[in-house]
Amino acid sequence: MEPQLLHHVDAGVATVVIHHPAKRNAMTTPMWRALPPLLDELSVRADVHALVLTGEGGTFCAGADISALKDSPAEAQGLAVLAEESLAAFPKPTLASIRGYCVGGGSQLAAACDLRFAQEGALFGVTPAKLGIVYPASSTRRLAALVGPSAAKYLLFSGELIDTGRALRTGLVDEVLPEGELDKRVAEFTRVLATRSLLTQAAAKEFANGRTDRDAYWTEQARAGGDTAEGVTAFLERRQPRFTWTP
């Protein structure tokens, strides 16, 4: 099978799979190009309430395919940034499910997700210093906001790989699961996300990401959207709420 992005939707959760196992799921130029339109398509589907990004087999993503960097490094980096920004802007909760290597462009994609769950033994690295590449400003700021300036500098200056223990301590990952437990935990957690209010999640995502110009918009959405009334009624009636707001 050619390198590509696979996807499926089940029980309200879209799963996007980076499929290039011959090169540890390295992202090719066509794969970088394909991610933004795929995310656009999934973002407007009413049956998608959350998104999981993962890699085929035992590796998340070993970065960009180096052949693309050799041919046109500026173009390859630009496409990676566009893909990263599209993932960060996805209006519903996103989660990276990580095994094995999460390096270079793979770490960019993981950092652009809202949450990151990893299997024990996964390795993380931000490696532009090994190639003499200036890491994009937006990617650097996102990494620093996630792990703090000191940890971001450690990763960027050295290009060294860190294990799941250090990744958890720095905030690069949110949960670390024993071998064999990652898929089960991700499925359980995303099923929970799919039952919650998209209104709450979408507003919280914008606020947490630092947007400051939409307070009035979200107040109006909460007033008119119906989720608040449904949530309170369901709580009083001791039943599962049926939220209906969509972005």
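Is Arg238 buried or exposed? At 80% relative accessibility, Arg238 counts as exposed. Here buried means under 20% relative accessible area, exposed means over 50%, and partly exposed lies in between (1.4 Å probe, protein chains only).

The model is predicted: local features need pLDDT of at least 70, side-chain atom pairs count only at pLDDT 80 or more, and totals for chains, interfaces and linings use all residues. Residues are numbered from 1 along each chain as its sequence is written, and side-chain values use heavy atoms, with hydrogens and water left out.

Arg238 lies in the segment after helix 11 (227–237). Helices (H or I, at least four residues) and strands (E, at least two) are DSSP runs, numbered from the N terminus. The phi angle of Arg238 is near 55 degrees, a positive value in a residue other than glycine. Most residues other than glycine have a negative phi. Arg24 also has a positive phi, near 50 degrees. Arg24 is found in the loop between strand 2 and helix 1. With a relative accessible area of 45%, Arg24 is partly exposed.

Helix 1 bends by about 30 degrees at Leu35, and a proline, Pro36, follows within four residues. The bend is the angle between axes fitted to the seven residues ending at a residue and the seven starting there. The buried residues of helix 1 include Trp32, Leu35, Pro36 and Leu39.

An α-helix has 3.6 residues a turn, so residues three or four places apart point the same way.

The largest pocket has a volume of about 560 Å³. Of its 27 lining residues, Ala64, Gly104, Gly105, Thr127 and Leu131 are the closest to its centre. On a 1 Å grid over the protein atoms alone, a pocket is an open set of points where a 1.4 Å probe fits, with protein on both sides within 12 Å along at least five of seven lines; a cavity is a set from which the probe cannot get out, and lining residues have an atom within 4 Å of a point. Grid points are joined across faces, edges and corners, and a volume is the space filled by probe spheres set on the points. Helix 3 gives the largest share of this lining, four residues. The lining divides into 17 nonpolar, six polar and four charged residues. Ala, Val, Leu, Ile, Met, Phe, Trp, Tyr, Cys and Pro count as nonpolar, Asp, Glu, Lys and Arg as charged, and the others, Gly among them, as polar.

The second largest pocket has a volume of about 350 Å³. It is lined by 17 residues, and His8, Thr15, Asp183, Val186 and Ala187 lie nearest its centre. Helix 8 (182–195) supplies the largest share of this lining, five residues. By class, the lining has six nonpolar, seven polar and four charged residues.

Asp183 also takes part in a salt bridge. Its side chain meets that of Arg99 at 2.7 Å, N to O. The pair links distant parts of the chain, with Arg99 in the loop between strand 4 (94–98) and strand 5, and Asp183 in helix 8, 84 residues apart. A salt bridge is a side-chain nitrogen of Lys or Arg within 4 Å of a carboxyl oxygen of Asp or Glu. By this rule the count comes to 15 salt bridges. Arg99 counts as buried at 17% relative accessibility, whereas Asp183, at 47%, counts as partly exposed.

Asp114 forms a salt bridge with Lys205, with the closest N and O atoms 2.9 Å apart. Asp114 lies in the loop between helix 4 and strand 6 (115–119) and Lys205 in helix 9 (residues 198–208), so the pair ties together parts 91 residues apart in sequence. Lys205 counts as buried at 11% relative accessibility. Glu206, Arg211, Asp213 and Arg214 are linked in a network of salt bridges.
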